[in-house]
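Welcome, and please bring up the model in your viewer. We will go from one selection to the next and look at what is there.

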Amino acid sequence: MKRHTVVSSDIASIAFREDEIDAPTGTLQIEFRKGWIYEYHDVPRTEFLALLEAESVGREFHARIKTKNYAYDRIA
């Protein structure tokens, strides 16, 4: 998974992995500055792209990912 460093006070980087070739959804990985890493499952690729282009990554994360209750795992 290629990590993308982002400018955010809470989020250090984000990454996305398609679960299958040409799948419309995949796994979104968020690395927080406090050292936690979470994987959110069945996230549309468009949500990942919106985070990459967001003026405020933290605000977009809360609006697009947190509030939609995607299944997630804390991996670190």
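A residue counts as exposed when its relative accessible area is over 50%, and as buried when that area is under 20%. Keep in mind along the way that this is a predicted model.

Start by selecting Asn69, in the loop between helix 2 and strand 5 (72–74). With a relative accessible area of 66%, Asn69 is exposed. Check its backbone too: phi is positive, about 55°, although Asn69 is not a glycine. Most residues other than glycine have a negative phi.

Next, go to Asp42, which lies in strand 4. Here phi is near 60°, again a positive value in a residue other than glycine. Asp42 has 52% relative accessibility and therefore counts as exposed.

Now show helix 1 (residues 45–53) together with helix 2 (residues 57–64). How do their axes cross? They come within 8 Å and cross at roughly 155°, so the two helices are roughly antiparallel to each other. The crossing of helix 1 past helix 2 is right-handed. To see the contact, pick Glu47, Ala50 and Leu51 on helix 1, and Val57, Glu60, Phe61 and Arg64 on helix 2.

What do they pack against?

How values were computed: Residues are numbered from 1 along each chain as its sequence is written. This is a predicted model: local features need pLDDT of at least 70, side-chain atom pairs count only at pLDDT 80 or more; totals for chains, interfaces and linings use all residues. Side-chain values use heavy atoms; hydrogens and water are left out. Axes are lines fitted to C-alpha atoms, for helices over the stretch in contact, and angles run from 0 to 180 degrees between N-to-C directions. Helices (H or I, at least four residues) and strands (E, at least two) are DSSP runs, numbered from the N terminus. Angles under 35 degrees count as roughly parallel, over 145 as roughly antiparallel, 65 to 115 as roughly perpendicular and the rest as oblique. A crossing is left-handed if the near helix is turned anticlockwise from the far one by less than a right angle, and right-handed if clockwise. Contact means heavy atoms within 4.5 Å. Buried means under 20% relative accessible area, exposed over 50%, partly exposed in between (1.4 Å probe, protein chains only).
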